[in-house]
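Please walk through this structure with me, part by part. Keep the sequence and the 3D view side by side.

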Amino acid sequence: MKRTVVPLGPYHPLQEEPEFFMLTVEGETVVDIDVRVGYNHRGIEKLSERKTFDQSTFVIERICGICSTSHPFAYTRAVEDIIPMEVPERAKYIRTIIAEGERVHSHLLWLGLAGHFLGYNTVYMWAWKLREEILDVMEILSGNRNNYAMFKPGGVRRDIKAEDIPICLKKIDSIIPTCVMLKKAVLDDPVLHARTKGVGVLTKEASINYSALGPTSRASGVARDLRKDCPYGAYDQIDWDMIVTENGDVFDKAVVRILETFESIKILKTCLQNLPPGEIDADLTSIPPGEGIGHIEAPRGETFHYVRSDGTNRPARHKVRAPTFMNLPTYKATVIGESLSDATIILAAIDPCYCCTERMAVRNTKGKRLYSGEDLVRLSQEKTARLKKEMGVK
Amino acid sequence: MTREEVLKDIQTKFGEVIIEVFDKSPKRAYIEIKPTAIVPVAKYIFRDLGARFNIASGVDAGTHIEILYHLTIESINLLISLRVKLDRENPAIDSLATSFEAANWIEREMHELLGIEFKGHPDMRRLLLSDQWPEGVYPLRQDYEEWDETAIRDRGV
């Protein structure tokens, strides 16, 4: 059969992280894939070597706009690991609150976009509306909807005021009923079942081989969550459940994220209600020579930072590894053999930044344009519509 | 196995290739090994001890190039960092990508940014740097110098 090469990417206006995928298709079936990243390689590791330990926190907060707290969290823990030391109890709780608020808004953002790709724009609107409430809470707590600038080596920069806590709790409570409704609407929908079950399966063996992270691994039955395995922050003092499912398909990845949102809301509320009194900063004055590792569970999986100090006030080496770096290669294991109309949602299921989908263009070997990015989202949405018709759902 | 048993197990199995063990804290252990032994040691920790491969980090230490392979054994909350030191003039080591897929991308990254050769890597195509980037220029080396006169990124701040 004639093979066609489908370039996906690299630029996309919706989110950060441009990536480039070269899909080889036979008819509608994907038979091979080549990935190229680095279109937005900003040299942050190199840049960080020129900043002081405190300044680096701000630079690396700008690595990602969605999970902007995960990088400073891992970095500050890496710097603290050089010594090694633990931060004050109240700082641990505040860090946990910020990290969980971020997880809730990140998962809701993902749910909305996944709904859009599947032609469920109502899900998209609802999820993003709920996300706004959480962003408001983050604004009350940190002064910003994103890029919270709360972290510093040794503690946090800003305390949470007692009078803000009831307002935040009220706002969080207000979204729970709608979240429950959204959960039911998504998980009980027969069309969504038909559209996502058995699609883009990442097996347990493949997940271990690729060392997949976060919801991508937990959906394949690999029970790995740093918040349970290597507790940090206040996670070991709070009662919450790790969500693990067995099938590894797109549906299970959605289930993990939706159920995790509820766990995160639970952690967020418990932390706000039980915020211990005390100092928020350990006042680190100097960092001794040595090396430290900090890793935390970001919404997409483990964020890993390695920092080496030579005794000066700047890191001698700073290595950053974001979760998508490990999750993206699993695309190779999940997309091959699937149809082109499922390629968008399989990629979306690992929750990368969606740069690829919108700027996709399908060309044949002579360079003639066959489909644009909108056409591929349309292909995906039409498949849902077709399924609805076949199943007699309106 | 407990944490102490795991560390002891590695030391008895690979005693002759281990140069130094630094037991830093309850959650961290650094083990320096001979570069020639990286594949059997890393494979043993990954497959037999059930570790997850976090990532590797390459460092240009001036006199030599260092690679740390980070592996986490979640059941005992221990992060093992395998350290190898390579000759700076001609850094080369066996590839782990054939043992487990997780090492594939990071070896490509270290090859581009630090100029380390990974012997037997299945796919050494360029991953991060732009197509215009010249061969043999490695941005994370300490003696890296700006090569692109039109670039403003490295004028120093």
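Predicted model: local features only at pLDDT ≥ 70, side-chain atom pairs only at ≥ 80, totals over all residues.

Residues are numbered from 1 along each chain as its sequence is written, while chains are lettered from A and ligands numbered from 1 in the order in which they are written.

Start with chain A. Its domain assignment gives domain 1 (3-40 + 327-391) and domain 2 (44-325); such bounds come from an automatic or database assignment. The centres of the two domains of chain A, taken over C-alpha atoms, are 27 Å apart. Helices here are DSSP runs of H or I with at least four residues, strands are runs of E with at least two, and both are numbered from the N terminus.

Now look inside. The largest nonpolar core has 136 residues. Such a core is a set of buried Ala, Val, Leu, Ile, Met, Phe, Trp, Tyr and Cys residues joined through C-beta atoms within 7 Å; buried means that 20 or more other C-beta atoms lie within 10 Å of the residue's own, with C-beta atoms placed from the backbone. Ile94(A), Ala114(A) and Leu82(B) have the most contacts inside this core. Helix α4 (residues 89-117) of chain A gives the most to it, 14 residues. Both domains of chain A give residues to this core, so it lies between them. Leaving aside neighbours within four places in sequence, Ala114(A) touches Ala254(A), Ile345(A) and Ala348(A).

Next, the two chains. Here 27 residues of chain A are in contact with 26 residues of chain B. Elements of chain A that each supply at least two residues include α1 (44-48), β6 (290-298) and β7 (301-309).

Finally, chain B. An open sheet of five strands runs in the order β1-β2-β5-β4-β3 (chain B), with mixed pairing; strands pair if DSSP finds at least two bridges between them. The edge strands are β1 (18-25) and β3 (52-60) of chain B. Strands β2 (residues 28-33) and β5 (residues 78-87) of chain B run parallel, joined by five bridges. In β5(B), Ile80(B) is the bridge partner of Ala29(B).

Note on methods: Buried ≥ 20, exposed ≤ 12 C-beta atoms within 10 Å, placed from the backbone. Contact = placed C-beta atoms within 7 Å.
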